[in-house]
Amino acid sequence: MAATPSHTTVAPARAVDRAAGHLLLVEDNVGDAVLVREMLRTALHDRFEVVHASRLSQACERLEEGGTACVLLDLSLPDAQGLESVTRVRAAAPDVPIVVLTGLDDERLAISAVQEGAQDYLIKGRVDDHLISRSVRYAIERKRAEVQLAHQALHDPLTGLPNRTLFLDRLALALARVQRRPSAVAVLFLDLDRFKVINDSLGHETGDRLLVEVAARLSAVLRPGDTVARFGGDEFTILCDDIDGARDAITIAERVGEAVAAPFVLEETEAFLTASVGIAMADEPDARAASLIRDADAAMYRAKEKGKSRFELFDAVMRARAVERLEVENALHRAVERDELQLHYQPIYDIATRTIVGVEALARWRHPVRGLLMPEQFVALAEETGQIVEVGDWVLRQACLQHRRWRRERPDAPPLRLSVNLSARQLQQKSLVADVACALADTGMDPANLCLEITESVVVEETEAALQAIEALRAEGVLIAIDDFGTGYSSLRLLKDLPANMLKIDRSFVAGLGRDAQDTPIVQTVIRLADALGLQAVAEGVETPEQLAELVAAGCGLAQGYHFARPAEASVISRLLAGAPQL
């Protein structure tokens, strides 16, 4: 077999369609190369430039330059034999189709070549210009479809960014490189703050355009070797490979935050976003991709909780919190079935008569190791993991059963109102209304005596779904209270549309009564607003006589707090209802 010089270009007789790329003929026999070129010229009418390489090493160098539409590959070359040729070509250019053109008439070899990635297997001496040109055209189209399908499987269809699967694959490769050389890898987990509010108010189509613009901005501010992926919804992840340390990662996080914070122009509307970013570093050889993402996610939530700082670096303290959180989460799965949950009740007083008119049910968890846990120590976690649905159902049923016991103890007493908190996750459950109706029916409780409390922020963030659920609950005869009023994005339109019965004034405003010159007029305004809308105002967190006096002067009707009574077990509340001194 004679050899020809490297990268000999066979010039076409007519103009070449350069956009189509060139055909790379890897053949060490000059006669065969000339024959194939003539067949291709006749059948393809010079649509492709034919580039000839006599050795596989020369072909791989040419492939690295790009522009190859298809490779016609001999399997008997001076520097490669058999399937080794296919394997090396695929490694050099995975997206370029391969047509094997060889003198080896071996069916098993042909099958193996296709399994290794070749699109076709042709035998010299049995091809003509029609067969070889058709094989090239089909190989190009099949490879194009294959690449397109692979791209769709690994990329987000809306933004075109890598998806979760591709991101995890690239992260695993980056961590493998950390094992071979001293460097660091950072993962940034980014969540768009209040995106849902914008999405619901401006529409999902506008929300999609906003996500596309965010993706473009993130891509623009990253280094060429970094990867940004859409992880799901309004969450993005960023892989920063081969960085010097945390300072580099923080610099990138700052650039990302600035890019997202710039105004977005959507049609004739401006939208403003901020991003909470969590950063996790990996500079140890045993780092794991899933753990790194989990740590970055935890840091992101910490940044969101702090509010002022829009990025947070995962550290040892946070790791300890994450371990503790996991332990609590696992234990919470068994808390209901092990009867570890219990209810305390805080009385709600009529300010004018100083009598108990209602109670609020508050969950407590008697943890087998950590003792009695307050709601703030586990409710948020239950909400995040979805366990709040089971916990919330247990609270509702147990509270209704206790209400029945009190009614039997005091059959002639005025009806006692029972308040139970409803979480965002419960509001999203399609079975919510049926579950509440079932609990009422099973316990024989009058729905007019049940008040479901929903925080203002939940109503704002879940406006459409929340309104539908609340309207259905009201149709069942249940009362609705807006909890923590004034701490969220208060809206008069929301109060107008929402079929609520009560407004609960947040304790942060009540605490300033008599001390803070701004809190008093705020509380007075909320009370007047409630009166104007036909709602009852309930003040939370009343702890001093001075606060109570201010509420009386403002005309507030109901209140609860330590000044009246602390949350207590049902037996203690029974004694209070029977006329025992307040706690």
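**Close-up views of a predicted model**

**View 1. Helix H20 and the residue after it.** Gly534 follows H20 and has a positive phi, near 75°. The model shown in this and the other views is predicted. Helix H20 covers residues 519-532, 14 residues in total, and spans 20 Å from its first C-alpha to its last, close to the 20 Å expected at 1.5 Å a residue.

**View 2. The two sides of H20.** The buried residues of H20 are Asp519, Thr520, Val523, Val526, Ile527 and Ala530. Seen down the helix axis, the buried residues of H20 fall within an arc of 130°, so they line one face of the helix. Arg528 and Ala532, on the other side of H20, are exposed. An α-helix has 3.6 residues a turn, so residues three or four places apart point the same way. The packing partners of the buried residues of H20 are strands S21 (479-485), S22 (502-505) and S23 (536-539), together with helices H19 (507-510) and H21 (545-554).

**View 3. A five-stranded open sheet.** The strand order is S10-S11-S9-S14-S15, with mixed pairing. Strands S10 (227-232) and S15 (311-313) stand at the edges with a single partner strand each, so one side of each has no neighbour in the sheet. On average, neighbouring strands of this sheet are turned by 20° against each other, direction ignored. Within the sheet, S9 (residues 184-193) pairs with S14 (residues 274-282) in the antiparallel sense, over nine bridges. Asp191 is placed opposite Ser276 of S14.

**View 4. Helices lying across the sheet strands.** Helix H8 (residues 204-221) lies across S9, S10 and S11 (235-243), and runs at about 10° to S11. Helix H10 (residues 289-306) lies across S9, S10, S11, S14 and S15, at about 140° to S14.

**View 5. Surroundings of Leu171.** Leu171 belongs to helix H6 (residues 164-180). Leu171 counts as buried because its relative accessibility is 0%. Leaving aside residues up to four places away in sequence, Leu171 touches Val185, Val187, Leu239, Ala289, Leu292 and Ile293. Gln148 is 23 residues from Leu171 in sequence, and their C-alpha atoms are 22 Å apart.

**View 6. Nonpolar cores.** Tyr345, Leu418 and Leu450 have the most contacts inside the largest nonpolar core, which has 80 residues. Helix H13 (residues 388-409) gives the largest share of this core, eight residues. Another core lies apart from it and has 32 residues, including Ala184, Val228, Ala253 and Val256. Beyond four places in sequence, the residues that Leu418 touches include Tyr345, Val359, Ala361, His403 and Leu450.

Note on methods:
Residues numbered from 1 in each chain as written. Predicted model: local features only at pLDDT ≥ 70, side-chain atom pairs only at ≥ 80, totals over all residues. Heavy atoms only, no water. Helix = DSSP H or I, 4+ residues; strand = E, 2+ residues; numbered from the N terminus. Buried < 20%, exposed > 50% of the residue type's maximum accessible area, 1.4 Å probe, protein only. Contact = heavy atoms within 4.5 Å. Core = buried A, V, L, I, M, F, W, Y, C linked by side-chain atoms within 4.5 Å. Expected span 1.5 Å × (residues − 1). Arc of directions from axis to C-beta. Pairing = 2+ DSSP bridges. Axes fitted to C-alpha atoms, helices over the stretch in contact; angles between N-to-C directions.
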